[in-house]
Amino acid sequence: MKKLQGNDSFQRINYLYQISKHMAGINPVLSAYYGNLIVNVAKKNVLKIHPDIKRQICKKCRSTLVDGTSAKMKIKNKDKSKCIEWICNTCGTKKVFPADKDKDHRVWLERPEAVEEVIN
Ligand SMILES: [Zn+2]
């Protein structure tokens with residue numbers, strides 16, 4: 001059986017992400033602390049954070065963005081195209097993602113052609 005590189009770190013990132021998200025509505029400082037740990041663990045082990053997780057971490061204060069508790073989410077129209085805007089309640093940083101329904105905005109990792117091998 002093939003051993004996955006960085007598997008322990010992925011498990012740690014997964015665990016940290018869960019506490020960070022849980023803490024988002026209770027203690028924003030702790031949430032940012034765990035978010036910071038996620039980024040540092042990934043950096044130290046040269047791993048890519050999954051885009052779904054990465055999109056939920058504020059790029060400035062690194063707290064987890066949860067709509068209604070730690071962040072505000074809005075859908076905006078910008079030059080005839082739709083985009084999703086996230087505003088962090090802790091530091092006020094904006095994050096904008098394109099969201100047109102007729103365009104494929106998925107990042108490379110989410111596309112079927114990105115899967116090279118499935119390890120069971
Ligand atoms: Zn923030």
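Is valine 46 buried or exposed? The points below answer this and describe the rest of the structure.

1. **Basis of the model.** This is a predicted model, in which local features need pLDDT of at least 70 and side-chain atom pairs count only at pLDDT 80 or more, whereas totals for chains, interfaces and linings use all residues. Residues are numbered from 1 along each chain as its sequence is written, and side-chain values use heavy atoms, with hydrogens and water left out.

2. **Valine 46.** Valine 46 counts as exposed, because its relative accessibility is 74%. The terms are set as follows: buried means under 20% relative accessible area, exposed means over 50%, and partly exposed lies in between (1.4 Å probe, protein chains only). Valine 46 is located in the loop between α2 (28-44) and α3. Although valine 46 is not a glycine, its phi is positive, at about 50 degrees.

3. **Overall fold.** Three helices and three strands make up the secondary structure of the protein chain, and their order along the sequence is α-α-α-β-β-β. Here helices (H or I, at least four residues) and strands (E, at least two) are DSSP runs, numbered from the N terminus. Taken along the principal axes, the box filled by the C-alpha atoms is roughly 50 × 40 × 20 Å.

4. The protein chain has 120 residues, of which 29% count as buried. Of the contacts between residues at least 6 apart in sequence, 41% join residues at least 24 apart, where contact means heavy atoms within 4.5 Å.

5. **The zinc site.** Which residues are the protein donors of the zinc ion? They are Cys58, Cys61, Cys88 and Cys91, each through its SG atom, lying 2.3 Å from the ion. Donors are N, O and S atoms within 2.8 Å of the metal (3.2 Å for Na, K and Ca); water is not among the atoms, so sites may look incomplete. The arrangement is tetrahedral because the four donor atoms subtend angles of 105 to 114 degrees around the zinc ion. Four donors count as tetrahedral if all angles lie between 85 and 135 degrees.

6. **Spacing of the donors.** Along the sequence, the donor residues follow the spacing C-x2-C-x26-C-x2-C. Cysteine 58 belongs to the loop between α3 and β1 and cysteine 88 to strand β2 (residues 81-88), so this pair ties together parts that are 30 residues apart in sequence. Cysteine 58 and cysteine 88 are both buried.

7. **Cysteine 91.** Cysteine 91 counts as partly exposed because its relative accessibility is 29%. Not counting residues up to four places away in sequence, cysteine 91 touches Cys58, Lys60 and Cys61. Cysteine 91 and lysine 60 are 31 residues apart along the chain, and their C-alpha atoms are separated by 7.5 Å.

8. **Glutamine 56 and arginine 62.** Glutamine 56 lies in the loop between α3 (51-54) and β1 (71-78), and arginine 62 is also placed in the loop between α3 and β1. Glutamine 56 counts as buried because its relative accessibility is 18%. Leaving aside neighbours within four places in sequence, the contacts of glutamine 56 are Tyr17, Lys21, Ser63, Thr64 and Leu65. Arginine 62, at 22% relative accessibility, counts as partly exposed. Arginine 62 is not a glycine, yet its phi is positive, at about 60 degrees.

Technical notes. Tetrahedral: all angles 85-135°; square planar, octahedral: opposite > 155°, others 65-115°.
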